[in-house]
Each structure stands twice: as C-alpha cells, then as structure tokens.
Amino acid sequence: MSSLLKTPLNALHVELGAKMVPFAGYDMPVQYPTGVMAEHKHTRAAAGLFDVSHMGQVRLVGPDAAAALETLVPVDIIDLGVFKQRYALFTNDQGGLLDDLMVCKRPDDLFVVVNAGCKEQDIAHMRQHIGSRCDVVPMPERALLALQGPEAVTVLSRLNADVAKLTFMTGGFFQLDGIDTFLTRSGYTGEDGFEISVHEDDAVALARKLLAHAEVKPIGLGARDSLRLEAGLCLYGHDIDATTTPVEASITWAIQKVRRAGGARAGGYPGAAVIDAQLANGPARKRVGLVGKERMPVREGARIVTADGTEIGVVTSGTLGPTVNQPVALAYVGTPHAALGTEVFAIVRDKRTPMVVSATPFTPNRYYRG
C-alpha cells in the first residue's frame with residue numbers, strides 16, 4: 001500500500017472511518033461506516049461530499065489554446081463562452097476514445113479536468129501534439145472536491161451567496177468562507193452540484209467547513225459509481241475506451257454541429273473520418289441502457305443474448321440501482337437489438353435473466369439550468 005499516492009484529504013478519510021482501497025494508483029475511500037446504499041440515498045436526498053482530487057487538473061495557456069485543443073477533440077472549444085464548461089473527448093486515429101474530460105474557458109486559460117487513470121498519458125498527449133501552440137500546465141497542487149445533491153447549493157450559498165447564480169456547466173472564481181476556489185456547477189451523479197478546485201493546503205479546511213453542515217455527509221467511490229450509473233453516465237475504462245467511438249457509445253450529443261461533416265470547423269481531429277462515417281451511416285453496435293425484469297443484479301462482463309441464445313453484446317456496468325430499486329446496466333449490443341423496449345437476456349451464473357433496453361438516465365437528472 002505504501003506505493004499508493006494519497007490525496008490531501010487522505011488523513012481525513014481515515015479519521016471519518018472510511019474503508020480505503022487502491023483506485024487509479026491512489027489510496028481512496030470506497031465507503032464510510034454507513035455504507036454504500038445509505039451514502040447513495042443521502043446524495044440523492046441532501047448533499048454528498050466526494051474527494052475527486054485524484055483527477056488531473058491542467059491549464060492550457062495561450063491565445064491559440066482553444067484552436068489547438070480542437071485538433072485533439074471533436075468538440076467546439078473556440079466558441080465556448082468565458083466561464084462556460086463543456087464535456088469533451090480525446091480520440092485516436094480509429095475514432096476510439098482515449099479519455100473523456102471537462103473543459104472550462106476562463107479569462108486567462110482553459111481549465112481541463114481529466115480522469116485519474118489517464119492523466120499522465122493525457123498530459124503527455126497534449127504536450128506532444130499541442131505543446132508547441134500553448135503551454136500545458138498540470139496543477140498537482142490542486143485538490144478537487146465534488147458537492148452533489150439537491151442541498152449542495154443551499155450549503156455552498158452559506159459560504160458564498162453568489163454561487164447560487166451559476167447554472168449547469170458554468171463556473172467562476174469564488175471565495176468560500178475566505179478560501180479561494182475555482183468551482184463549476186457540474187458533477188457526475190445526475191444531481192445538481194458543484195466541483196470545487198482548491199489549493200491542497202486549503203483542502204482539509206474546506207472539507208471540514210462543508211462537513212460541518214447537517215446536510216453534508218462524506219461519500220465514497222462505491223456510491224459515486226452507483227450514482228453515475230443510475231444517471232446513465234459512462235465510466236472511462238468500462239463503458240468507453242480506446243476501442244469504442246463516440247457514436248457507438250451514444251454520446252454524439254458531445255459533438256457540436258460546427259465540428260461535424262459540413263460544419264464550419266468539421267474534422268481536423270484524430271479519427272474524424274471514422275466518426276463522420278458512423279454519424280452518417282450508423283454504427284454496428286451501440287451503448288444502451290438495460291433494466292432488469294427480475295431482482296438479479298447484472299454485473300460488468302455479463303454476456304447479452306437473444307431469446308434463441310444468440311450472443312449480441314456485453315454488459316459494461318451494472319448494479320441494483322438504489323434509487324430506482326431495480327437492476328440497471330449499461331451494455332453494448334448489435335444495433336438491430338438497440339431499439340427501446342427490446343427484450344434481451346443477460347447471462348448471470350449460467351442462468352438467463354430478462355432485461356429490457358431502456359432510456360437513460362434511469363432516474364431523472366436534476367441539473368440546474370436556471
């Protein structure tokens with residue numbers, strides 16, 4: 001365990017009774033004494049505090065940064081307004097996904113957040129391909145906290161009333177009870193909430209200020225996973241990876257019109273021809289949501305078959321959804337079987353359990369759009 005990296009909140013997790021596990025090279029809390037189910041339900045009902053400091057925070061600095069980043073992602077960065085945030089995708093030459101990331105345009109830079117397991121390669125990727133056009137500045141000195149749930153805005157407003165003016169996918173620089181932060185109204189639970197970048201020296205003090213409010217409880221990786229799955233959100237390395245394209249992954253909403261064939265800045269990123277062809281003609285397989293008709297939870301790796309036993313796909317994430325109170329999963333299936341309402345079967349311990357292709361999110365998103 002000694003080789004694991006630690007976030008600035010590591011000692012606080014231990015103090016709070018967290019069960020710690022290795023995750024993406026870090027010693028991370030998977031759950032606290034109340035357990036995953038209670039943490040999940042608390043986040044949906046009130047406010048959950050997550051330590052996501054293992055994620056990579058990077059600044060892209062220079063007048064050419066937005067145009068440079070567009071050579072790596074199929075996303076409109078140039079037209080992004082100041083303090084507006086957007087979900088983006090690093091692609092490879094086959095149209096596969098190297099990582100998914102968040103980009104926020106600030107007055108003096110682009111603020112980029114990448115996944116923990118990919119951050120070293122993502123930073124190297126940016127330095128190699130756009131490092132001559134803008135400065136790629138990692139921020140290992142920054143911690144990242146996520147406060148998620150319907151009461152998140154209530155709690156943060158007590159520390160700075162101005163945060164309530166933000167809408168989903170916008171950000172700004174705010175002092176929270178005297179602590180300097182950069183925060184965005186975003187997150188990965190399907191709930192209204194905020195992600196707060198703070199200097200590592202202030203991270204524990206900020207976490208304690210937030211936990212001092214009755215609405216806030218600490219939440220571990222276990223509930224983070226069940227929350228994002230109920231919200232129908234992809235987890236990199238499971239639901240999306242270097243072998244899946246944005247079209248197969250059903251995240252084409254992330255590719256703005258201006259970057260598609262016929263758009264003013266179409267293509268110019270790795271794998272553009274593959275992705276444009278799939279946008280035009282459809283992919284052979286698609287990511288879908290599945291809801292179980294029985295109580296049997298269906299886990300990652302379970303095979304999906306038709307009524308006659310023909311194998312048509314595989315589950316990439318699955319759990320018993322605590323909010324929806326039924327088994328939910330994300331899976332890839334052949335496109336002919338991807339229509340909503342299609343009945344399929346998951347193989348669980350050599351038994352077939354019936355599931356139905358369903359819309360995601362499995363529970364309604366509650367982002368605050370103003």
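Over residues 11-257 the chain is 25% helix and 31% strand, with the end C-alpha atoms of that stretch 46 Å apart. The model is predicted, and the range itself comes from an unreviewed UniProt entry, which lists residues 11-257 as "domain: GCVT N-terminal".

- Six strands form an open sheet with mixed pairing, in the order β10-β11-β12-β9-β3-β13.
- The edges are taken by β10 (171-176) and β13 (216-218), and because each has a single partner strand, one side of each is left without a neighbour in the sheet.
- From one strand to the next, the twist averages 30°.
- Within this sheet, strand β11 (residues 179-184) pairs with strand β12 (residues 193-199) in the antiparallel sense over four bridges, and L183 stands opposite I196 in β12.
- Helix α5 (residues 152-159) packs on the sheet, where it touches β3 (47-51), β9 (142-148), β10, β11, β12 and β13, and the direction of α5 makes about 40° with that of β12.

**Cysteines**

- With a disulfide taken as a pair of cysteine sulfur atoms within 2.5 Å, the count comes to zero disulfides.
- C118 is in no disulfide, since the nearest cysteine sulfur, that of C234, is 13 Å away; C118 is buried, with a relative accessible area of 6%.
- The sulfur of C134 lies 16 Å from the closest cysteine sulfur, in C104, and is therefore too far for a bond, while C134 is buried, with a relative accessible area of 4%.

Notes:
Residues numbered from 1 in each chain as written. Predicted model: local features only at pLDDT ≥ 70, side-chain atom pairs only at ≥ 80, totals over all residues. Heavy atoms only, no water. Buried < 20%, exposed > 50% of the residue type's maximum accessible area, 1.4 Å probe, protein only. UniProt positions renumbered as here; feature names shortened; annotations may be inferred. Helix = DSSP H or I, 4+ residues; strand = E, 2+ residues; numbered from the N terminus. Pairing = 2+ DSSP bridges. Axes fitted to C-alpha atoms, helices over the stretch in contact; angles between N-to-C directions. Contact = heavy atoms within 4.5 Å.
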